[in-house]
Amino acid sequence: MIYDTRSRVPVNLRKALQAEVEALTEGMTFRQPNSEERAAMKVFGQALPVPSRKAGTTEEASIDYVEEEQEDAIFQCPWCMVKIDGGEANGPNADVTVNVAVCFGIFDDSLDNDGSDDVLNLIEKVYQRFARDPVLAHQYICQHDFEWGLQDEDTWPYFFGAIGMSFSYMGIQRESKYT
């Protein structure tokens, strides 16, 4: 799936990358907490959803919520979050570089404790996609400086990891009334 727009801005880059991850994970299913059913990857932009009250209550979430009454988004696996980490444009007529992280959260309560394999496979899918073809949505170019990692601590049955990348696109061109 291609997120198509002619407006080259970081938010559209993020949306294009979200659509690309959705396409890369299409047809894949993962285990989910408190259910025997498998689920497709949910892809979010910039942040996971705000915690909310469990279904069936009418109260809104507040800053002083009780932990047991919340559905914490980080544990609502499987999910992917495409996050812009920062960027730069080094002067007029220069390309814009945007650093992004594609983060994954997986649930796997198997006693084999191998849920990190799913995370590594997802990271590999993203890496292979952009190592083979660096162009995203016909206008953003992956710079091939991949960095990835897994969570440091044992978080069984939840597993987390991310891949960081940089994309560039043509920045604003300086205009002159004399040209």
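Q: How much accessible surface does the chain have, and what share belongs to carbon and sulfur atoms?
A: The accessible surface comes to about 10900 Å², and 48% of that belongs to carbon and sulfur atoms. Those areas come from the Shrake-Rupley method with a 1.4 Å probe, and for residues only the protein chains shown count as cover.

Q: Where does this model come from, and how are residues numbered?
A: This is a predicted model, where local features need pLDDT of at least 70, side-chain atom pairs count only at pLDDT 80 or more, and totals for chains, interfaces and linings use all residues. Residues are numbered from 1 along each chain as its sequence is written, and side-chain values use heavy atoms, with hydrogens and water left out.

Q: OK, how many helices and strands?
A: Two helices and 11 strands. Both are DSSP runs numbered from the N terminus: helices are H or I with at least four residues, strands are E with at least two.

Q: What percentage of the chain is buried?
A: 37% of the 179 residues. Buried means under 20% relative accessible area, exposed is over 50%, and partly exposed is in between (1.4 Å probe, protein chains only).

Q: Which residues have the most contacts inside the largest nonpolar core?
A: Leu-17, Phe-104, Leu-136, Met-165 and Phe-167, in a core of 31 residues. β7 (96-107) gives the most to this core, with six residues. A nonpolar core here is a set of buried Ala, Val, Leu, Ile, Met, Phe, Trp, Tyr and Cys residues joined through side-chain atoms within 4.5 Å.

Q: And what does Leu-136 touch?
A: Leaving out residues up to four places away in sequence, its contacts (heavy atoms within 4.5 Å) include Leu-13, Leu-17, Phe-130 and Phe-167.

Q: Switching topic: which peptide bonds are cis?
A: One joins Cys-77 and Pro-78, with omega about 5°. Another runs from Trp-156 to Pro-157, with omega near 5°. Pro-78 is in the loop between β5 (70-71) and β6, and Pro-157 is in the loop between β10 (147-150) and β11.

Q: What about phi at Asn-34?
A: Asn-34 has a positive phi of about 60°, although it is not a glycine. Asn-34 lies in the loop between β1 (30-31) and β2 (38-39).

Q: Is Asn-34 buried or exposed?
A: Asn-34 counts as exposed, because its relative accessibility is 83%.

Q: And Asn-113, what's its phi?
A: Near 55°, also a positive value in a residue other than glycine. Asn-113 is in the loop between β7 and α2, and at 36% relative accessibility Asn-113 counts as partly exposed.
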